[in-house]
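Please open the structure in a viewer and keep the selection tool at hand.

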Amino acid sequence: MKIKAINGFKDILPDEVHRWQRIEACARDIFQRFGLREIRLPILEKTELFARSIGETTDIVEKEMYTFPDKGITMRPEATASLLRAFIEHSLHLQRPVQRLFTIGPMFRHERPQKGRLRQFHQIDAEIIGAQEPQVDAELMAMGQMLLTELGLTASLEINSLGCPDCRPDFREKLVRYLEEKEEGLCEDCRRRRTTNPLRVLDCKKATCRALVQNAPSILDSLCAPCREHFQAVQKNLDLLGVTYKLNRFMVRGLDYYTRTTFEFIASGLGAQSAVGAGGRYDGLIHQLGGPGLPGIGFAMGMERLVLLMESTDSEQQALDREIDIFAAALGQEAMEFATPLIHALRKLSVRAAMDYSGRSLKAQMKQAGRLNAAYTLIIGEQELAEKKAILRNMDTQEQTSFSLEGDTKELAGILAKTCMETARSES
Ligand code: HAM
């Protein structure tokens, strides 16, 4: 019986990988412009780290973590907790007062797989630690928006404020009272959440719960003065940066560590899993994890969802990607022995070169060159060797020219490399 990949765990095949590389390159480029530096983190962490940061009563910690119970370790379900663990462990705040960091990699959550939702998925995670100014919130959201725009994608930015430990308990109480009256109409999960994590009821996806919370008290009416001012300043700075957004008072996020600003980038065309990225401020979290009392804010983009969006916008664009600059179609043993060192010399000169060793027909070899979308094919048979003249075929124009084989391998490779480079330059 064939062994298949585990449900929710997906291979990223060579034909898809260019999109992943493009996303990563684009993120690295943009993050650099905003002064973020990369940090690489382990996949396994102590389970307690996630329980203490994401929250004991969240779905992630309650039912979605891949945990090795006998070892007390868990495969990270997100990057923020790990990044802060590393930040605290290495006292990174002593190096510079504000740390701007990013990390890219796989995360693991035991959710029900569907379009845009996997059990192993990948995040691009950005965090700014040590700054509490609302300008930073806006800057970070603008950075996320820039990443989407430069990838050619559109998503709308939704923002909310979840207040702070001073004002949230009041809101929570108001909400609990409201939900008590409506208990009858709540789904089973929300009845439980009403006592364990009442704010989560606000973003339940079930239609009945959604209808019920339409008239629930708004957290934005319960913010204390400093939180209200912060949130107003965030909006003003988004306006200054020309970032459009809309308020969503029902957004509470699935992780407990947030304070004040939260946000999500919502894309249409992704079905139910429409959040392509999300994040927020977590001002008390570093202290709660045993670190200094520093504020922080960050977001993570889901790479699978970015790829899905890219596929829906540029499905054909990459089909003609050039994989190879030159393909040597050698016919017969002698020609093969001539071409082998030539291909090697071309590769040393940074040319993407390939040949076939199986002695297939010219037709089959031309087909192979076509599949690789080679710019040129160099055709060498017995006659060409004898006459010291090969055929160089431009695969795009189908024009064939004679290519002199006088000279040693290095010289011939040099001439071919120049031709390939010029073609590549004119194409870019
Ligand atoms: P999150 O909302 O849990 O936040 O995840 C962020 C993004 O990761 C989501 O918007 C989505 O695009 C992607 N994502 C989450 N779960 C899955 C899944 N099962 N399959 C595919 N994609 C998924 C966080 O993880 C926070 N750590 C974000 C953050 C950083 N907050 C502050 N700093």
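**Salt bridges, rings and domains**

A search of the whole structure, which is a predicted model, finds 26 salt bridges.

Select Glu427 and Arg322 to begin. Their side chains form a salt bridge in which the closest N and O atoms are 2.3 Å apart. Glu427 belongs to helix H15 (residues 409-427), while Arg322 sits in the loop between helix H11 (303-314) and strand E12 (326-330), so the pair ties together parts that are 105 residues apart in sequence. Glu427 counts as partly exposed, at 43% relative accessibility, whereas Arg322 counts as buried, at 16%.

Next, select Asp203 and Arg200. Here the closest N and O atoms of the salt bridge are 3.4 Å apart, and both residues are buried.

For a contrast in setting, move to Lys71 and Asp70, whose side chains meet in a salt bridge (3.6 Å, N to O). Lys71 is exposed, with a relative accessible area of 56%, and Asp70 is likewise exposed, at 65%.

Then display Arg28, Glu38 and Arg40 together: a network of salt bridges links them.

The tour now turns to aromatic rings. The structure holds eight aromatic pairs. Select Tyr257 and Tyr282, whose ring centres are 5.9 Å apart with the planes at 75°, so this pair is edge-to-face. Tyr257 lies in the loop between strand E8 (246-247) and strand E9 (259-266), and Tyr282 in the loop between strand E10 (275-281) and helix H10 (285-288); the two are 25 residues apart. Both tyrosines are buried.

Proceed to Phe263 and Phe299. Their ring centres lie 6.2 Å apart and their planes stand at 70°, so the pair is edge-to-face. Phe263 is in strand E9 and Phe299 in strand E11 (residues 296-302), so the contact ties together parts that are 36 residues apart in sequence. Phe263 is buried, with a relative accessible area of 0%, and Phe299 is buried as well, at 1%.

A further selection is Phe9, Tyr66 and Phe108, which ring pairs link into a cluster.

For the surface, select Ile43, Leu44 and Phe68, which make a nonpolar patch of about 230 Å². Phe68 is part of strand E3 (residues 66-68) and counts as partly exposed, at 36% relative accessibility.

Finally, colour the chain by domain. The domain assignment gives domain 1 (14-167 + 223-311) and domain 2 (322-427). How far apart do the C-alpha centres of domain 1 and domain 2 lie? The separation is 49 Å.

Note on methods: Residues numbered from 1 in each chain as written. Predicted model: local features only at pLDDT ≥ 70, side-chain atom pairs only at ≥ 80, totals over all residues. Heavy atoms only, no water. Domains from an automatic or database assignment. Patch = residues over 30% accessible without salt bridge, like charges linked within 9 Å, V, L, I, M, F, W, Y side chains within 5 Å. Areas by Shrake-Rupley, 256 points an atom, 1.4 Å probe, with all protein chains shown as cover. Salt bridge = Lys/Arg side-chain N within 4 Å of Asp/Glu carboxyl O. Helix = DSSP H or I, 4+ residues; strand = E, 2+ residues; numbered from the N terminus. Buried < 20%, exposed > 50% of the residue type's maximum accessible area, 1.4 Å probe, protein only. Phe/Tyr/Trp six-rings, centres within 6.5 Å; stacked < 30°, edge-to-face > 60°.
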